[in-house]
Amino acid sequence: MEGRNLLHKLRVVSNLRVSPGYFKMVLFAPRIAQSAYPGQFIYLLVENTCFPLLRRAFSVHRVREEKGEIEILCKIRGEGTKLLSRKREGEEIEAIGPLGRGFECFSREDYQAVVLVGGGVGIAPLVFLGERIKNRKGMKVLVLIGAKRREEVLCVKDFQDLGYKVEVATEDGSQGRKALVSELLAEHLANAEVCAYNVVYSSGPLPMLKEVARISGEYRLSSYVCVEQKMGCGIGVCRGCAIGVIDKQGRRGYKRVCRDGPVFEGGEIDWTYV
Amino acid sequence: MAKGEGCLSTRLGGIELKNPVLLASGTFAYAEEISQWVDLNRVGGLITKTITLKPRAGNPPPRLAETPCGLLNAIGLENPGIEGFLKSKLPFLLRFKVPIIVSIAGEDKQEYVELARKLQREGVAGLELNISCPNIARKEGRMISQDEKATYSLTRAVRRETSLPLVVKLSPNVGDISAIAKSAEEAGADILSLVNTFLGMAIDIDRRKPKLGNVIGGLSGPAIKPLVLRAVYEVAQEVKIPIIGMGGIMRWQDALEFILAGASAVAVGTANLINPLYVVEIIEGLKGYLQKEGIGNIEELRAGLEE
């Protein structure tokens, strides 16, 4: 019955707007804070009624182990996230987690020169990842953040506080370069000396991840992408969150984002239909 | 006064159930993951995810879309095929001391018959004929369960093949569900499952595209409960064989509504996706209700609406 250990009642410690349409919720979740690793998610029951019906999934954004707290970074998208944005300090939310396979490879000692590429609110798990790799000896980290416009550029300061170099691209040019974040990645890899980086970790919308995986592949870099897909059960039962994959022999099939992912190797995903 | 769980025991078309709360097909897969959450020996029975003759990869994503109090799905019967099921899924299911009903779907009558033959074996408590999946390509655009004659003919063919209790799962996407139910009964069905999902659709207005990769899907969840109750209520008056009612059962009160409408058992589906422990709360809730009301056995409540 190990599943039951993943069921929690989490108390809201704080819930603050970070920019128009985005909020950051701090939850008292000692067991999750202790066991989660970057790329895993928690699955929140918004209300104890049948509307919204399904849970809502959020990557663990930051962990404060000493306080037993975790943070999630959310974009208001529909009724579920709107209701969550209104939760007040002291309210309880039922949650399942941590779930999924995250950036399992983040602890690999040989990955010493890392690029983090985040798009929109998808940047959330990369802050947690950035924190976990911070004190590794000889670590070099470049952070590339993409968004449609200035208001949607998130977490710049979080990464700067970690001492990482951050570059921003917006589609409308209202902050940083007027470009797609994948274009920034391509430029950096083109200009870098041979083997300047050894891995790219990315999280954001599928079209962005497709480009990141393609560009990384061109430079023979390992890439790991954290994908988003509408989920049902979150524990691998319903097969609702399928994503197309392609194996080394070229055979196509589907995997479950909630259980086999949400982090996949960039080359593993069948990007044809993205 | 009812004591223990005996008050919930019931017979369902030749299958002994310790309680009338089953897990619905497609909502717990083959029990591997969900058994880490729930003691499956507590539930009345398990109806597996549908098995086909050949493995199926399922439909292109997105496969789910949420609607108010409802869930649209277009999974497309992703499953390992009968050989994979017998080899790697059934042995695990047989660990549990509850009836295992295997849901099957074929592309034609012959495939259903062949599946039934392969499943005539120790440990399988019954077969559920899924003739009502909205998410697979169909001959002439219709499901078998949308046609009285096709329902009769298919049920008859499988009936001849197997001695196992036979459940026929009907579609709500018909004009007169009682007529289809009677066809299945006449052809030799032992039990009816009411109902599969309602055909539905959701559209993303920003992208001006359907939310489901397969465009159309099947609606489940609390949104459909009143529609299914009506079907159970009407069919129960037309047939003599027992009914498993399902559609939006989230709490024990919902289960009781189905029993009062005429169902002999219920199946919990979409609720499993939200919290795998709801099913245990439903069983406990029913037991508590019977004890509080001083009712000896749940069967006393079947079709028990007051005049």
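1. Let's start with the overall make-up of chain A: you'll find 6 helices and 16 strands there. Its radius of gyration is 18 Å, close to the 19 Å that the globule rule gives for 274 residues, so chain A is as compact as a globular protein of that length. Keep in mind as you read on that this is a predicted model.

2. Some more on the build of chain A. Its C-alpha trace spans about 55 × 40 × 35 Å along the principal axes. Of the 274 residues, 48% count as buried. If you take the contacts between residues at least 6 apart in sequence, 64% of them join residues at least 24 apart.

3. Next, the domains. Chain A is divided into domain 1, covering 2-99, and domain 2, covering 104-228. Their C-alpha centres lie 24 Å apart. Where the two touch, domain 1 of chain A puts in 13 residues and domain 2 of chain A puts in 12 residues.

4. Strand S5 (62-64) and strand S6 (69-75) each supply at least two residues to it, and S6(A) has the largest share, with 3 residues. Sorted by class, this side of domain 1 has 7 nonpolar, 4 polar and 2 charged residues.

5. S6(A) deserves a stop of its own. Is it enclosed or open? 6 of its 7 residues are buried, so S6(A) is largely enclosed by the rest of the structure. One pair to click on is Met25(A), whose bridge partner in S6(A) is Ile72(A).

6. S6(A) also pairs with S5(A), again in the antiparallel sense, over 3 bridges. Here Arg62(A) has Glu71(A) of S6(A) as its bridge partner. S5(A) and S6(A) form a hairpin with 4 residues between them, and in that turn Gly68(A) has a positive phi of about 70 degrees.

7. A quick look at one residue, Arg31(A), which is found in helix H1 (residues 30-35) of chain A. There are 15 C-beta neighbours inside 10 Å of Arg31(A), and the cut-offs are 20 or more for buried and 12 or fewer for exposed. That is why Arg31(A) counts as partly exposed. Along the chain, Leu6(A) is 25 residues away from Arg31(A), yet their C-alpha atoms are separated by 8.6 Å.

8. Now bring in chain B. How many residues does each chain give to the contact between them? Chain B gives 29 residues and chain A gives 25 residues. On the chain B side, the elements that give two or more residues are strand S5 (64-67), strand S6 (70-73) and helix H7 (270-274) of chain B. That side has 19 nonpolar, 6 polar and 4 charged residues.

9. Last, the nonpolar core. The largest one has 191 residues, and the members with the most contacts inside it are Leu192(B), Val232(B), Val266(B) and Val268(B). Helix H5 (residues 225-236) of chain B gives the most to this core, with 7 residues. Domain 1 and domain 2 of chain A both give residues to this core, so it lies between them.

10. Leaving out residues up to four places away in sequence, Leu192(B) touches Val168(B), Leu170(B), Ala181(B), Ala184(B), Val235(B), Val239(B), Ile241(B) and Ile243(B).

Methods
Residues numbered from 1 in each chain as written. Chains lettered and ligands numbered in written order. Predicted model: local features only at pLDDT ≥ 70, side-chain atom pairs only at ≥ 80, totals over all residues. Contact = placed C-beta atoms within 7 Å. Nonpolar A, V, L, I, M, F, W, Y, C, P; charged D, E, K, R; others polar. Core = buried A, V, L, I, M, F, W, Y, C linked by C-beta atoms within 7 Å. Domains from an automatic or database assignment. Pairing = 2+ DSSP bridges. Rg over C-alpha atoms; globule rule 2.2 N^0.38 Å.
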